[in-house]
Amino acid sequence: MQILKFLRGRCNVTVSDSVQDDVHWETPRTGAQLLATPYRQQLLKAVQESTSLTAPVFEAYVKEPLQRYAERVQLLPASESHHHSYPGGMLDHGLETCVFGLRLRRQHLLPPNESPERQSSTGELWSVAVIYACLLHDIAKVIVDVDIHLKSGRRWCLWEGTIPDQYRVRYIKGRDYFLHAAANPLLCKEVVGNAGLEWLKSQPDLFGLLVYAISGHSERSGVIGEIVSQADRASVAKSLGGKVSSIEKAPRESLQSKLKVAIRHIVTEKIRLNEKGAQGFVTHEALWLVTPLVPREIKSYLLTHGVENVPTNESRLYDEMQSHGLIIENAEGRSVWKCTIEMGEWKTELSMLKVHKSLVWSGDEQPDVFSGNVEPVEAAEGSQADSENHPAPKKCEVSSSAEKSDELEDENSEETTRGNLEDSILDIATGDAEKEVPNLERKLAPSPADGDDSSLLDASSEEASHGEAFLSWLRDGLRTHKILMNDSKALVHAVNGMLFVVSPKVFKRYCQEVNGEEKGWKEAQDSFQKLKRHKKNKDGGSFHKVKVVGPNKKSSTLSGYLVSKDDLMDEGKEVLDNPFIDLIDGKN
């Protein structure tokens with residue numbers, strides 16, 4: 001209800017003086033007109049060919065909802081400066097996501113764990129549900145991210161119906177980038193229609209998965225949510241020139257253009273500006289970005305969205321940005337500047353990149369200038385990318401050194417708690433699901449009855465069974481998302497094509513769930529280790545170390561085991577490496 005009150009208050013506004021006659025106005029079009037372009041017709045054909053619906057059923061339950069979706073989103077972009085940021089981008093993104101979603105759906109026998117007869121009789125309904133979920137996964141962006149102004153002088157909200165008059169769109173400054181997921185159901189009925197909802201309601205479990213998928217409850221959306229998430233990433237990667245199985249041969253964009261998009265996205269949507277502990281500062285002459293944190297964010301963004309040929313070495317990345325004129329070199333011809341930042345009584349020294357403001361903003365979009373001072377001191381010495389050669393961080397500086405993490409924990413706790421690995425693109429937000437632990441009847445070390453000869457069982461056999469029990473528990477937890485992966489508080493991370501299992505936390509969690517107390521975790525760890533299912537480090541030991549770097553947080557280290565994905569994940573399940581974690585075994 002609070003969302004409705006907030007949005008209703010925004011819509012009941014008359015716009016008069018702010019609407020000018022000399023701006024460009026778009027004329028509303030019918031769904032058929034909007035879908036008539038050759039590219040969208042190709043996408044429609046791909047959608048139809050991916051289902052086995054009869055022509056009348058496809059017309060009523062797929063094509064008509066697609067037309068209603070087109071009439072709602074019209075020529076609105078999908079984002080301001082990210083993917084599909086052009087007139088009609090929202091429509092293209094919705095259709096592309098449907099096509100990719102149906103391709104992914106072919107890899108699954110749906111409904112899962114049902115008989116072949118049931119899969120045959122209800123499988124097409126699951127395909128239709130995938131289409132609906134893909135269309136609706138971010139449709140509320142056209143409500144909460146933008147203001148639609150009519151030429152008549154009124155502001156229009158899309159739950160009132162299709163846009164009735166010539167219109168223009170402006171993005172809302174300071175918008176909540178996560179609100180659209182919660183608001184997506186507002187337009188569900190308008191797009192799907194009564195008939196589609198009735199058909200979905202005939203399968204209550206499927207109906208629930210769809211609603212959870214479009215409202216942002218990924219932990220409850222099951223296979224539908226997984227398909228939509230992967231399809232969305234594929235469409236985004238296609239828009240950014242990344243590697244996907246393309247629907248049509250599109251012209252490839254240069255790395256320069258991809259870097260521009262990445263910089264805009266990180267600056268406008270990920271980092272803080274012009275405040276104590278921020279990662280960027282805007283002056284009259286330029287935008288200053290803290291290194292190496294922000295460049296690593298840019299690199300992670302490109303890799304996560306399937307962009308190829310991204311330099312793995314940060315020095316090479318800086319050279320690439322400098323050669324394309326994206327960053328401004330210092331007096332010595334280097335990319336990295338050493339600067340003193342002052343704001344009131346706060347003062348620190350940072351290594352930074354100097355970026356043209358026009359790369360991120362144009363005209364009136366530019367934010368206010370930093371109220372303090374950014375004063376270049378001298379070029380950073382040594383390697384431009386090597387954090388070990390950067391000046392030692394001051395009290396409030398974002399540090400890239402794992403060795404400083406304990407020293408700076410208390411000093412930066414207030415500033416860094418807001419932005420950590422929970423901001424990761426690969427975050428798996430499971431809400432309270434993590435607390436719902438299974439009621440396991442087995443115990444870690446069951447005691448045999450007095451006098452029972454089973455007490456004389458071989459110790460190694462017992463230890464092996466305990467280790468296998470732990471592995472079984474870990475597999476089940478990952479499959480049901482009771483155990484998080486690639487999250488800030490996760491017990492498992494994907495790195496270097498393997499799974500990194502955090503120790504000893506994972507064994508303490510296991511004992512807590514199985515026995516109700518952490519006591520015995522060392523025995524559980526020893527039992528697992530004796531199975532020899534983990535990879536040894538370079539020195540022949542069992543433990544590996546990784547460095548974790550969050551968007552707004554200093555780096556830290558974790559210790560644990562490296563295990564093959566095949567030992568813990570279902571066959572064929574794709575898991576992407578966490579871009580915020582680096583294996584540091586053997587490195588200084």
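Which hand, left or right, does the crossing of helix 6 and helix 10 have?

Reply: The crossing of helix 6 and helix 10 is right-handed; a crossing is called right-handed if the near helix is turned clockwise from the far one by less than a right angle, and left-handed if anticlockwise. The model is a predicted one, in which local features need pLDDT of at least 70 and side-chain atom pairs count only at pLDDT 80 or more, while totals for chains, interfaces and linings use all residues. Residues are numbered from 1 along each chain as its sequence is written, and side-chain values use heavy atoms, with hydrogens and water left out.

Helices here are DSSP runs (H or I, at least four residues), numbered from the N terminus. Helix 6 spans residues 116-136, and helix 10 covers residues 204-214. Their axes, which are lines fitted to C-alpha atoms over the stretch in contact, come within 9 Å and cross at roughly 15°. Angles run from 0 to 180 degrees between N-to-C directions, and those under 35 degrees count as roughly parallel; helix 6 and helix 10 are therefore roughly parallel to each other.

On the side of helix 6, L125, W126, A129, Y132, A133 and L136 take part, meeting L206, L209, L210 and I214 of helix 10 (contact means heavy atoms within 4.5 Å). By class, the residues of this contact are ten nonpolar, no polar and no charged; Ala, Val, Leu, Ile, Met, Phe, Trp, Tyr, Cys and Pro count as nonpolar, Asp, Glu, Lys and Arg as charged, and the others, Gly among them, as polar.

Although L136 and I214 lie 78 residues apart in sequence, their C-alpha atoms are 6.0 Å apart in space. Beyond its neighbours within four places in sequence, L136 touches N184, L187, C188, V191, V192 and I214.

The wider setting is the nonpolar core, a set of buried Ala, Val, Leu, Ile, Met, Phe, Trp, Tyr and Cys residues joined through side-chain atoms within 4.5 Å. The largest such core has 69 residues, among which V142 and I224 touch the most other members. Helix 6 supplies the largest share of this core, eleven residues. With residues up to four places away in sequence left out, I224 touches W126, V130, A133, L206, L209 and A213.

Technical notes
Buried < 20%, exposed > 50% of the residue type's maximum accessible area, 1.4 Å probe, protein only. Helix = DSSP H or I, 4+ residues; strand = E, 2+ residues; numbered from the N terminus. Parallel < 35°, antiparallel > 145°, perpendicular 65-115°, else oblique.
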